[in-house]
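Please look over the model below.

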Amino acid sequence: MKLRTLITTMAISQLISTISASAAVPPAIPADAALEAKVKEIVSHLTLEEKIGQMCELTIDFLTDSDTSEGFCIDKWQSDEAFKIYKVGSILNVPLGEARTPQEWHDVISVIQKESMKYIGVPDIYGVDQIHGTTYTAGGTLFPQEVNMAASFNRELVRRAGEISAYETRAGSIPWTYAPVMDINRDSRWPRGWESFGEDPYINGVMAAELVKGYQGDNPNNIGPRNVASCAKHYLGYGSPRSGKDRTPAIIAPNELREKYFEPFRQAVKAGALSVMANSGSINGRPVHADYEMLTVWLKEGLNWDGMIVTDWADIQNLYTREKVARDYKEAIEIAINAGIDMSMTPYDVEFCTLLKELVREGKVAQNRIDDAAARIIRLKLRCNLWEMPVTNPKDYPLFGSKEHADVATELACQSEVLLKNESGLLPLAEGTRILVTGPNANSMRALNGGWSYTWQGTAKPKYTSAYNTIYRALSNRFGESNVMFEPGVEYDNDGNWDAEKIVDINRAVSAAKDVDVIVACIGENSYCETPGNLTDLTLSENQRNLVKALAATGKPIVLVINSGRQRIISDIVPLAKAVIDVMLPGNYGGDALAMLMAGDKNFSAVLPFTYPKEISGYAVYDYKPAESVATMDGNYNYSASMDVEWEFGSGLSYTTFAYDNLTVDRTEFAAGDVINVTIDVTNTGKREGMTPVLLYTSDLVASLTPDIRRLRAFDKINLRPGETRTVRFALNADDLAFVGSDGNWRLEEGEFVVRCGGLNKLINCTRTSVLGISKTN
C-alpha cells in the first residue's frame, strides 16, 4: 500500500476517536475570540496562491546578493520572485552564515517586511536558531547550551535565560526562535545531544516548558515586543537513532514513544508553545514528516492544539530523495501536507508553491487542509503582533548585551558545571597555587561555546569572542599570570574537520609540569553541529589520552576538565586524575565560571542530566530495565548483565555535604486522581554554604510490562547555610506513576511502588488498576 493511501485510511479510521478526544481535552492554548475573528477574516481574503505562499519558507540566501561592498543586500529580482510572484510567508536563517548586529538584522528584516506587505498584505515571520541565547545576533548574550541548563536543575534560572534570549533576539526584529530543543538523548554517540536537556523525559518537559514561558511571556496569544514565539523541536524521537548518527532511522517501541518521547512535547505545548518543528528522520520505518498519526492525531487533535508545524531543512524533499516513500517531489508534498505539515522549509526553491497548487487543483490535497494550514500560520503572526510591530528599534533595548544579562549567563554556567571527583580535597585550589593549563580545550572559546554559536558549526571569527575568557585566560585572571603556565601539548586543527588534531609538543608540557603544583588538563571536543558531528568511535582521541598519561607520570596532581558536547570514553585516564570536572558546553562565561569554582569563590551545585558510559559498548540510561543489571542467573550456563558506568545520572559533588532525613508520604495507599504529598528534610552538614538539587524518584515494583528500574518524578534546588535544615515538599500526582501499555493506553496498575529520595525509601501501594486513556490531561 502506498504511503499516501495509508495516510488517507488512517485519517478515516482515526476520525471518530480524535474528534471525541479533542472534545474532551481543553485547548492547549486558550482561545481568544477577537484573535480568531481576525484569523478568519484575513484567511477569507487570501487567494489560493497566497495561502500556499504562506506555507513556504525560504532561506535568506535565496534573497541576498553577496557581491556588494556592504557584504550583502536584498536582491530585487529574487525578492520579487519570493513575495510578488509566490507570496512566500516566511524567511529564515542568517545572511552569509554568520551573526549580525541588531541594526543589521533590523535593516534586512525591514526590507523583507516592506516587500511582504506590499505584495501580500501579510507580514513575514522571520525565524532563526537562537538556541542558547543570541546564537546569530552579534554582541548579545550567549548562555550555556541546553545540556548545561539541565545540569543546573534550576527552573527559575533557565526561565530567566529564556527571557533574556527573547529580549535580545527581538532587539534585532526577529520574532521567532527555533527553540527549545527537546530531543531526549538516549545514545551518547548522537552529535546533537548537547542541544537538549539530557536523557530524562521529565527534565526535558520541565525545562522546555520554562524556556517556552521565558521566550513567550505569560500570554501565548499576545507576544510582546520583548518576547518571541517558540518552536519546540524536533518532534519526536529524533535524538535516538539506532546508528547513533544524525538523521538516521530510529526504532522505538510504540508505548515508549508515547510515554517518554511524546510526553515532553505535551508539556511544552501545554506551556503554550506556538509552533513545533518535525523530526527529520523516521521512526519504525515511517518518516515523521509523513506521519499523519504523529503530526495530526497525537499533536494537533490529541492535544487540541492550534499551533503550527514547520518542517526542518528540506525535509519534504527528503521524503523522496532519502526516505524513498515518495516517487518525486510532488508526491512528497502531497504526503507531507496531508500528514499535517503546515509550513515547508524548502529552503531554496519555490517549486513547492507550484506543485502544491497543482495538487489542490487535482483534488489530492483538500482545500480545507490548505485553509487550516494558512489559518495556523496567520494565527502565529497575529499572536506575534506582526501587523502592529513588523520590526523593532534596536535603541529600545538598552539591556542588549549588558552586564546584567552577562551576570545571569555566568551564574547559569556556575550552576551547570559538574564536579565528579575530588580526591583528598584537592579542590578548591589555594591562593598562590602554581598551575599548568594544558590540553586542546584550554585556550579555545570555540570549544566552550560549541555549535550554534555565531555560526552553524561554532567556527566563529575571533571578533565575536575576543572579549571573553578561555579557561586558560580565566585561570590566569583569577590566580595571577605569574602562577599560571600554558602548554597545550595537543591542539585542534581548526583548518581541518572538527575532530582534526595536531600534537604540538607533549614533552614540553611534561617538562613544564615539573615547576607547578597542579595540572589542569582540558580535554574533550572541538565544536560541531548536526550531521558533520557524526563519529564512529566514542573513545576520546589517543592524542589527548596520551597527553594525560604523560602528565600523570610526573606525579603532579591532575584536575581533568571535560569540555565536550557528548560523553567521550575516558575510562583509562579517569583513575589518573585527582579531580574531574565536566563543564560540557558552558558558553562565553564558562571559563570564568570554572575559575570561580576551582578557587572556591563559588560552590559546585550541578549534577549530570545523563549517564556517562565507561565502555564503548556500554551505553546506558538511568531508567533501564531490571534485566539489564543481573549479577548471576542459575542454570546450565553462566549469565551476567551489569550496569557499569563511569558516572550515574544525577552524579555531582559539592564543597559541602548534605544529609537527608525524615522522608514522609501523607498516604501509603492511593488510586488514580490522588495527590501524594512527599516531604524530606535536607541538612547542610558541611562548613560551606551550598546549593543542591533534590531529586525524587519512584519505582514500580511489578507491572504488566517490565517496569523501569526508576523514574525521576520531581526535583527542586535549594540553598543551605552550614547547619541549616530545610523541609522540601513535593506534590506527586498519582497519574504520573502510570505507564503506557501495549495497547497505547496509560495504565496505573494495582501494586507496590517505592518513593526514593536522597538514599531513603518509602513503600506505597496503588489499590486498584485504572486505564487513563490514550492522552494524559494533567
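## Start of helix 19

At the start of helix 19, a side-chain oxygen of D505 comes to within 3.2 Å of the backbone nitrogen of N507. Helices (H or I, at least four residues) and strands (E, at least two) are DSSP runs numbered from the N terminus.

This is a predicted model: local features need pLDDT of at least 70, side-chain atom pairs count only at pLDDT 80 or more, and totals for chains, interfaces and linings use all residues. Residues are numbered from 1 along each chain as its sequence is written, and side-chain values use heavy atoms, without hydrogens and water.

## Two sides of helix 19

Helix 19 spans residues 506-513, and its buried residues are I506, A509, V510, A512 and A513. They cover an arc of only 160° around the axis (taken from the directions from the helix axis to the C-beta atoms), which puts them on the same side of helix 19. The face turned away carries the exposed residues N507 and R508. Buried means under 20% relative accessible area, exposed over 50%, and partly exposed in between (1.4 Å probe, protein chains only).

The buried residues pack against several elements, including strand 14 (435-438), strand 18 (518-524) and helix 20 (542-552). Contact means heavy atoms within 4.5 Å.

## Strand 1

Both faces of strand 1 (residues 56-59) are covered. C56 and L58 are buried on one side, E57 and T59 on the other. Strand 1 runs parallel to strand 12 (residues 344-345), joined by 2 bridges. There, C56 has S344 as its bridge partner. Strand 1 also pairs in the parallel sense with strand 4 (residues 90-92), over 3 bridges. L58 stands opposite I91. Two strands pair if DSSP finds at least two bridges between them.

## Aromatic pairs

The count comes to 23 aromatic pairs. Rings of Phe, Tyr and Trp (its six-membered ring) pair if their centres lie within 6.5 Å; planes under 30 degrees apart are stacked, over 60 edge-to-face, the rest tilted. F153 and F715 form an edge-to-face pair, 5.1 Å centre to centre with 80° between the planes. F153 lies in the loop between helix 6 (146-152) and helix 7 (155-170) and F715 in strand 27, so the pair ties together parts 562 residues apart in sequence. F153 is buried at 1% relative accessible area. F715 is buried too, at 2%.

Key. A polar contact is a pair of N or O atoms within 3.5 Å; within protein, one must be able to donate a hydrogen and the other to accept it, and residues adjacent in sequence count only if both atoms are side-chain atoms.
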